[in-house]
Amino acid sequence: MSLLPVDQITVRADARAIDMATVAAIADSIGEVGLINPIRVRRLANGWEVVAGVHRLEAHKQLGLAEVEAVEVDDDDAKAELAMIDENLCRAELIPSDRARYTARRKAIYEDLHPETKHGGDRKSDQVENFATRSFAADTAAKTGQTDRAIRMHAERGEKVLPEVLDLIRGTVLDTGTYLDRIKRLPGNEQYKAAKRDLANERRRRVAKRTIVRVADAPLDHEEAVERQVAALMALWNKTGPEARNEFLARIDTPVFNRSAA
């Protein structure tokens, strides 16, 4: 483990977008107890690249720290991307579209590194269980804490839903597992059109649900107020029966505030 200069560490172009709320929480933790888990980096020609720990690095920048504790690893491009994906997949708050995308990408990289684990691949070398040759789903489950079934489900979504569709719905009301499962059944040439249509429908629904602010009526003048009161009395009179009308006429002759006469 080494202390490396923050300004000489770069972030991968395909790294997940930084969540500043997460950065703030990490910065608070670093300020109280220091950095618990060093970041992982690999050496480049002009410095280092983060393999795991983008948010921890950003927290150091926000705190104005010049150096960060790091573990240097000798990862090639594929292994570096795999490590980055694993860190993302461990996050519980990862949205469905990102989880699908990262899981499918992890499967592709893992099976390139271990072709014997592909469906129908040569498993003669996989008779003894070890980390290098277990199935993609089992390996991903072990690293992320999810079940094999959940891993396969996320990977299938990422494989079957077009990347441009994932980009379109990312972070919207349609970014749910239920919607991904529905749209993955459509042919590729229909997915984008369907997602665009569904987004437009959702926007129309939201507009329709907006509360309409009612402007108060202008105050009535005296004559208008009297006319409205008379209209209200007439409306009540027309709703009453003959007995109620006769009883009303009998009582109306008695002054309302003359308690003794009542």
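The points below describe the fold, the sheet, the helix packing and selected residues of a predicted model.

1. Overall composition. The protein chain holds eleven helices and five strands. Of its 262 residues, 34% count as buried. Among contacts in the protein chain with a separation of 6 or more, 66% are accounted for by residues 24 or more positions apart.

2. Sheet order. The five strands form an open sheet, with the order β1-β5-β3-β4-β2 and mixed pairing. Its edges are β1 (2-5) and β2 (9-10), each of which pairs on one side only. In general, strands of a sheet pair through backbone hydrogen bonds, in either the parallel or the antiparallel sense.

3. The pairing of β1 with β5. Strand β5 spans residues 67-72 and runs antiparallel to β1, to which four bridges join it. Within this pair, L4 is placed opposite V68 of β5.

4. The pairings of β3. Towards β5, strand β3 pairs in the parallel sense over three bridges, and I39 has A70 in β5 as its bridge partner. Towards β4, strand β3 pairs in the antiparallel sense over five bridges, with R40 standing opposite A52 of β4.

5. Helix α2 (residues 54-63) lies across β2, β3 (39-44), β4 (47-52) and β5, and its direction is at about 125 degrees to β4. Helix α3 (residues 77-89) also packs on the sheet, where it touches β3 and β4; the angle between the directions of α3 and β4 is about 45 degrees.

6. H55 in helix α2. Is this residue, H55, buried or exposed? With a relative accessibility of 4%, H55 counts as buried, because the cut-off is under 20%. H55 belongs to helix α2. Apart from neighbours within four places in sequence, the contacts of H55 are R16, A17, I18, D19, T22, V23, I26 and R91.

7. The packing of α3 and α4. The axes of these two helices, α3 and α4, come within 10 Å and cross at roughly 145 degrees. The crossing in which α3 passes α4 is left-handed. On the α3 side the contact is made by A78, K79, E81, L82, I85, D86, N88 and L89, which meet R99, Y102, T103, R105, R106, I109 and L113 of α4. By class, this contact of α3 with α4 comprises seven nonpolar, two polar and six charged residues.

8. The packing of α4 and α5. Helix α4 (residues 96-113) packs against helix α5 (residues 136-144) at an angle of about 120 degrees, and their axes lie 10 Å apart. That angle makes α4 oblique to α5. The crossing of α4 past α5 is right-handed. Helix α4 contributes T103, R106, K107, Y110 and E111 to the contact, and α5 contributes F136, D139, T140 and K143. By class, the contact of α4 with α5 has two nonpolar, two polar and five charged residues.

9. Burial of α5. Which residues of α5 are buried? They are F136, A137, D139, T140, A141 and T144. The cover over the buried residues of α5 includes α3, α4 and α6 (148-160). Just after α5, G145 adopts a positive phi of about 80 degrees.

10. Residue C90 is placed in the loop between α3 and α4. Its relative accessible area is 44%, so C90 is partly exposed. Leaving aside neighbours within four places in sequence, C90 is in contact with K143 and T144. C90 and K143 are 53 residues apart along the chain, and their C-alpha atoms are separated by 7.6 Å.

Definitions and conventions:
Residues are numbered from 1 along each chain as its sequence is written. This is a predicted model: local features need pLDDT of at least 70, side-chain atom pairs count only at pLDDT 80 or more; totals for chains, interfaces and linings use all residues. Side-chain values use heavy atoms; hydrogens and water are left out. Two strands pair if DSSP finds at least two bridges between them. Contact means heavy atoms within 4.5 Å. Axes are lines fitted to C-alpha atoms, for helices over the stretch in contact, and angles run from 0 to 180 degrees between N-to-C directions. Angles under 35 degrees count as roughly parallel, over 145 as roughly antiparallel, 65 to 115 as roughly perpendicular and the rest as oblique. A crossing is left-handed if the near helix is turned anticlockwise from the far one by less than a right angle, and right-handed if clockwise. Ala, Val, Leu, Ile, Met, Phe, Trp, Tyr, Cys and Pro count as nonpolar, Asp, Glu, Lys and Arg as charged, and the others, Gly among them, as polar. Buried means under 20% relative accessible area, exposed over 50%, partly exposed in between (1.4 Å probe, protein chains only).
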